[in-house]
Every structure is written in structure tokens, then in C-alpha cells.
Amino acid sequence: MEVKVLRLDHRRIRDARITTHVCLTARALGASGVFLSGDHDKKLMENVRDVVKRWGGDFQVGYRKGWENLMDEWKNKGGEVIHLTMYGEPVQDATPKIRSSSTDKLVVVGGSRVPSKVYQEADWNVSVTTQPHSEVSSLAIFLHMLHEGKELDLEFEDGDMKVIPSAKGKNVRIKHNRDDNNKKEDEIKKDYN
């Protein structure tokens, strides 16, 4: 199943950091892409693409002015729409049912105010607690439960950088561009702050 995220109502000046975190969380925890709606933010999208280039994978970030059309298209192609909210069915109850279907998933995370159409059109309104908190944490918890923890072992191919896990220090393998004139080997940069 393919999982993509729709970030509603992005505001370029106010939401740049939180929307970037939505994108990075989606990528790291197994989604294949994010659609942004609201303000068109070319710089944010370029920054996310740069992360993908440096750290690997084929994560996509795109812009859709009309989020309603995207939800309709997704459902018309047989996909399901999951809206993360504090008003829905508890995540621990809903996620096993959502996982049982292999259809593609569009996970919707809100912005400043979620229109009632999202609640009405979603196949699932999923509550990650019934308390106010961040769309980033909701997305992380939902994706973790959807993938049953398997996303923690994802490998991201073709990146220039890769963290080498260690109990102490920061170990990063850095690939160097190789051509006939520059045959530099990969290096591991270590920092023990």
C-alpha cells in the first residue's frame, strides 16, 4: 500500500517550520510523499527535496491548490482518506482496521482550521488522543502504528549521507561524487561532542 500525506492550509510565513517537520516525519516514517495545500511555498519544497537528495529515498513533495479535488481523485482511484484529528475514533482502535485494507492511504493533517468537508469526506477520522497537540506528533504516532514499527528499519537508497548508529558520538558516512578525475573514497565523519 502507498501512503501519502496531505497537509492542509499551509501558511508560508507562519507554518514553514511545522510543515517542514510534517514532511520530514512523513518521509522518515514510511510515507512516499506529501501534498501541500494553502500557500505555494517553493522554498520549503526545495528544502525537502534537498533532504531527499542528501539522505536518500524517493520521497516526493508537491503542491495542490485544490485539496478537495485531490481527496476526490484519491477516493475515485480506490484509495482511502484518513483524517488525523482529536475528535475521531481512537487511533489504537482504528489503525488495525485501516491496516487490514491494502488500498492506498491519504493521511490528512490539518492546518489552522479544518473544514467540515474533510470530516465528512474522510473514510476514517482518527483521534490521536483527545487532547490538543501537534499534527507532527499525530502523524508520527499514526504512521508508527500503521506500519507496526517496521518503518524504523527503513533503508533510504542513493543518499549522499547515512548515519551509522552508535552509542556515543555522531558517525555519518558521506559519499563523494565519483568521476574519472576524482576517485575519492567514502568517508566516515565522527564527532564526539
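Two strands pair if DSSP finds at least two bridges between them. Helices (H or I, at least four residues) and strands (E, at least two) are DSSP runs, numbered from the N terminus. The model is predicted: local features need pLDDT of at least 70, side-chain atom pairs count only at pLDDT 80 or more, and totals for chains, interfaces and linings use all residues. Residues are numbered from 1 along each chain as its sequence is written, and side-chain values use heavy atoms, with hydrogens and water left out.

**Figure 1. The open sheet.** Seven strands with parallel pairing form an open sheet, ordered β3-β2-β1-β6-β4-β7-β5. The edges are held by β3 (60-63) and β5 (89-90), each with a single partner strand, so one side of each has no neighbour in the sheet. Within the sheet, β1 (residues 3-10) pairs with β6 (residues 105-109) in the parallel sense over five bridges. Lys4 has Leu106 in β6 as its bridge partner. Helix α3 (residues 67-76) packs on the sheet and touches β1, β2 (33-38), β4 and β6 (contact means heavy atoms within 4.5 Å). The direction of α3 makes about 160 degrees with that of β1; axes are lines fitted to C-alpha atoms, for helices over the stretch in contact, and angles run from 0 to 180 degrees between N-to-C directions.

**Figure 2. Helices α1 and α6.** The axes of α1 (residues 12-28) and α6 (residues 135-146) come within 9 Å and cross at roughly 10 degrees. That makes α1 roughly parallel to α6 (angles under 35 degrees count as roughly parallel, over 145 as roughly antiparallel, 65 to 115 as roughly perpendicular and the rest as oblique). From α1, Ile18, His21, Val22, Thr25 and Ala26 meet Glu135, Val136, Leu139, Ala140 and Leu143 of α6. The residues of this contact comprise seven nonpolar, two polar and one charged; Ala, Val, Leu, Ile, Met, Phe, Trp, Tyr, Cys and Pro count as nonpolar, Asp, Glu, Lys and Arg as charged, and the others, Gly among them, as polar.

Figure 3. Strands β8 (161-163) and β9 (residues 170-174) run antiparallel and are joined by three bridges. Met161 has Ile174 in β9 as its bridge partner. Six residues lie between the two strands of this hairpin, and Gly169 in the turn has a positive phi of about 90 degrees.

**Figure 4. The largest pocket.** A pocket is an open set of points on a 1 Å grid over the protein atoms alone, where a 1.4 Å probe fits, with protein on both sides within 12 Å along at least five of seven lines; lining residues have an atom within 4 Å of a point. The largest pocket holds about 450 Å³ of space, a volume being the space filled by probe spheres set on the points, which are joined across faces, edges and corners. Of its 18 lining residues, Trp55, Glu155, Phe156, Met161 and Lys162 lie nearest the centre. The largest share of the lining, three residues, comes from β8. By class, the lining has eight nonpolar, one polar and nine charged residues.

**Figure 5. The second largest pocket.** The volume of the second largest pocket is about 370 Å³. Its lining has 19 residues, with Leu84, Thr85, Met86, His133 and Glu135 nearest the centre. Strand β4 gives the most to this lining, with three residues. The lining divides into eight nonpolar, nine polar and two charged residues.
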